[in-house]
Amino acid sequence: MHWLTSFSLVRRRPLLPWLIGVLTLISVVAWGWQPPAAAVTARHYTDLTFPELREIQIPDYERYELDNGLVVYLMENHELPLVGGSATFRTGERLVDGDKTGLGNLMGDALRLGGTEALSADALNLALEQRAASVETGIDEAVGSASFSALSEDLETVFGLFSDVVRRPAFAPDRIEFLKTQYRGSIARRNDNPDDIASREFYKLIYGDNSPYARTIEYQTLDAISRDDLVAFYRTSVRPDQMILGIVGDFDPAQMKALIADAFGDWEAPAAPPLTQVPDARQARTGVFLVDQPQLTQSYVQIGHLGGQLSEPDYVPLAVLNEVLNGFGGRLFNEVRSRQGLAYVVYAYWAARYDYPGIFMGGGQTRSETTVPFIQSVKREIAAVRDRPITDDELARAKDAVLNSFVFNFQNPSQILSRLIRYEYYGYPSDFVFQFQRGVEATTVSQIQAAAARQLNPDDLVILVVGNKAAIQPPLETLAPNMTVTAIDISIPEADA
Amino acid sequence: MFGFSWFSTPFHALPKALRRSLHRCLVLFLIGVVALTTAPPAAWARSTTPGSSVQPYLDRVAKAVTEFTLANGMKFIVLERHQAPVVSFMLYANVGAVNEEEGKTGVAHYLEHLAFKGTERIGTRDFAAEQQVLAEMDDVFAQVLAAEAAGNTAQAEALRSRLETLRQQAAEYVEQNKYGQIVEQAGGVGLNATTGADATRYFYSLPSNKVELWMSLESERFLEPVFREFYEEKDVILEERRMRVDNSPIGKLMEVFLEKAFEQHPYRRPIIGYEADLYTATRDDIQAFFDAYYGPNNLIGVVVGDVNPREIRAMVEAYFGRFEARSLPAEVTIAEPRQTAPREFTLALPSQPWYLEGYHRPSITDPDHVVYGMIEGILVNGRTSRLYKDLVEDRQVALDVGSINGFPGDKYPNMLLLYGLPAPNVEPDAIGTLMQDHLGRLSREPVSQEELDRVKTQARAGLLRRLDSNSGMAALLAEYEAKTGSWRNVFAELAAIDAVTAEDVQRVARATFQPNNRTVGKLVPAES
């Protein structure tokens, strides 16, 4: 069970906790003689008082641009003999032609796996793994990236391999074919897990089957992608004037700058205009939908509608509302899980995006026969925060939770640097995280209710159930008078002969 | 409580969607068996090998660790790290599903859920009154079970209804999820717990000015726990079982695999428990399990972050010193008989195929433990590993391959599990044949120096990267303390890895990869 913290990039399926590891701020070890610790008496938590938290320290960093437009961020950190870096490119799977869905993802994978002009894929793998280093690339929906990680003693070598991957990829034809086989295998397996089905089909209902934010890779779209397409998409995507490079770790800045200048200074941006048009998003469907899976004893439920962006004024109050609904002591967890025992997983949150409308999404899983009560419970909680003000106590708890844990946004330099780069990429102010903090401090009960009333609309809801139709008793038709339930066919389209 | 745990599979080429789904399948099944795949990271000694600059950093970290044991037997480990004003905590209970009695499976995990329900003072509006209703409910539930066992449906129905009335009455006293709410409101993050075959872990992180809050809450939690909302939570756990096992083909495959691979040892049973056992579990069962296994000498506390060890010790004495010493619980003594013939089974389920094969291996305390980690590295870690390179990249018969070393735990003799996802139109057996060719080769021919060096370097760098994470280090120190007798083995193991030779790998491979030591599990698509 997960709920999103306010700053994490909203993920489609926020399922795995991720260990972001890295390094440090400034050491404040007290040296020398220390007074003996004061005697302590065990106390109940209500009797405790706490000292002030020492101030958050933002490590120094440098931002500069090369003549070719490449933006560089450097942040030193010498706690461990490691260096990590990432290049962010203005591109994305959402920018490719729908007939060639998957082109962006495939190019992102082939960039690294296809080897370089100097090294075959195998030789590159060996060179990295012998040094316990990595170079990885990928193109997601809204962004492209290439990253490396190395022991600092191997920095020069690994950075050289990294820049070769970025600038001189070979896109070896046999590696492209290999990747296509992998993608085909992935298509064949996409209905093996009910959670995957629910998530995928929910996005299609919200954004539309053909929307860049929901469409899926098919055998046909894969077959339509040629090596020339990959190379052409690479040329328009991976270029210095559309690249932000961030490096964190145990490096010498003068040496690092020389390495960067050497590797990327003579790289000229192509004449072709960059890919910048962000596709818009609109809600495609509303109503109740069912994917019948007779083997299941549980229903996987998704409820929601089109949402908004982080830059909009309602984002802050709705982020606070997320805390009221979710988490320990959140309304959904308390009511649907702990009190009614209806689910192991239940959630509803406003999942905003940086540059296009995200989704307000709720749901969870419940046994087949409690599907309708579960949906009604979640809908009731959604309606409640629109119709009635939350309590002052709930507001205080939600704000405290965000503000008291604010320090966890500054655990290590790589976390801080990747946030700065994300803000620059999406055109947000570099202090957006602090603006958010101030916004939360100022949020009121009435602002939350007003935002909920504006943004949460029961009439727009998509309700999707992946479950065993015969066992869902009472049936979904009982959710409302004259309810029609639309069946969704998830069979996988065969490749063209 | 939510039971997800970090789980690293080798960094392969698998498309993200599939990679994610595969991770999830395995992770969901293995409720919180931490540190599964990667060989426990290792320490280093030599100065000529690549990456030798790492050693001083590891030494420095080891020096920043302090440890002490309270008079009641509770052990604490503290690692100072002042990079940011935050602290990660772990309370490691040296008890897991392996300690459960036959017929009472799932009790360890059930207890872990109930450990979030509060204490005599947290989570209740009136404990004295609440306690009476709870006792009454337990009586009624005992009668429900008796009526059901006697086949008296009408009586069982009436008692169920009585239980429901009492449940609503009890709910009036409950301040729901108060414990977690206190933590979250104070700025705590990552509050969760996992139950594995060997251990139960409770953890979260706080801003470093609130260390005493953890001391107060965590000590009270196990000093005077109240297992309230027991019957609601039973439904939640049954949902969790449906999600992880009944509705997950890979979850079912793993459950059956353990039942086949082990005949006697409790590792054969599912961590989450069998449905029938969960259904009949009582609050007394939970209490008895708690009394037996949550004594202070069976618990380890770990604190990693921006703290002063002297202050930690003073607080620990005051708060955890309140626990009364208890006798140590008995160790599991059931030994798995030596396997004498190959085992194999096939499940037909609505899913694309999977192939698993596992071999019995000794526990984490065996001198050859590190060799198994190296074998795993040579076979499946990274794109240059043998099975990945051959099966996935060159022959393209598998979409991915992977392993779990120490399955389902590693405190006792366990399994080295290898798995493969057949590519479209490939039979699972084709994966098995190739896997066994590679295992045979590992038994016949010494591995190259290059491969050995690669795995050694990766192990060392792996530990280094882990030092970045307060919570990751808390988990690692606790695990080694509990399973090997000292947290120092996190670092000492480096020397052991450094000393592994090609002959060691061949010797261990030859002893392990015998047909008579093998269990094969296949998942094939059911015609629907």
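Predicted model: local features only at pLDDT ≥ 70, side-chain atom pairs only at ≥ 80, totals over all residues.
Helices (H or I, at least four residues) and strands (E, at least two) are DSSP runs, numbered from the N terminus. Residues are numbered from 1 along each chain as its sequence is written, and chains are lettered from A and ligands numbered from 1 in the order in which they are written.

Stay with chain B and colour it by burial, where a residue is buried if 20 or more other C-beta atoms, placed from the backbone, lie within 10 Å of its own; buried residues make up 58% of its 528 residues. Next, select B:Tyr92, B:Val302, B:Ile375, B:Ala474 and B:Leu477, the residues with the most contacts inside the largest nonpolar core, which has 268 residues. Such a core is a set of buried Ala, Val, Leu, Ile, Met, Phe, Trp, Tyr and Cys residues joined through C-beta atoms within 7 Å. Centre on B:Val302: leaving aside its neighbours within four places in sequence, its contacts (C-beta atoms, placed from the backbone, within 7 Å) are B:Ile77, B:Met90, B:Tyr92, B:Ala474, B:Leu477 and B:Ala478.

Now show both chains, where the contact takes 87 residues from chain B and 87 residues from chain A. Among the elements of chain B that each supply at least two residues to this side are helix H1 (16-29), strand E4 (189-195) and helix H16 (449-466). By class, the side of chain B that touches chain A has 39 nonpolar, 26 polar and 22 charged residues.

Move to chain A and select domain 1 (62-264) and domain 2 (287-487), whose bounds come from an automatic or database domain assignment. Their centres, taken over C-alpha atoms, are 31 Å apart, and 19 residues of domain 1 are in contact with 23 residues of domain 2. On the domain 1 side, strand E2 (71-76), strand E3 (82-89), helix H5 (194-207) and strand E6 (243-249) of chain A each supply at least two residues, and H5(A) gives the most, with eight.

Finish on helix H3 (residues 155-167) of chain A, whose 13 residues should span 18 Å at 1.5 Å a residue, a figure with which the 18 Å between its end C-alpha atoms agrees; the expected span is 1.5 Å times one less than the number of residues. Its buried residues include A:Leu155, A:Phe159, A:Phe162 and A:Val166, and the buried residues of H3(A) pack against elements including E3, helix H1 (103-113) and helix H8 (253-264) of chain A.

Technical notes
Contact = placed C-beta atoms within 7 Å. Nonpolar A, V, L, I, M, F, W, Y, C, P; charged D, E, K, R; others polar. Buried ≥ 20, exposed ≤ 12 C-beta atoms within 10 Å, placed from the backbone.
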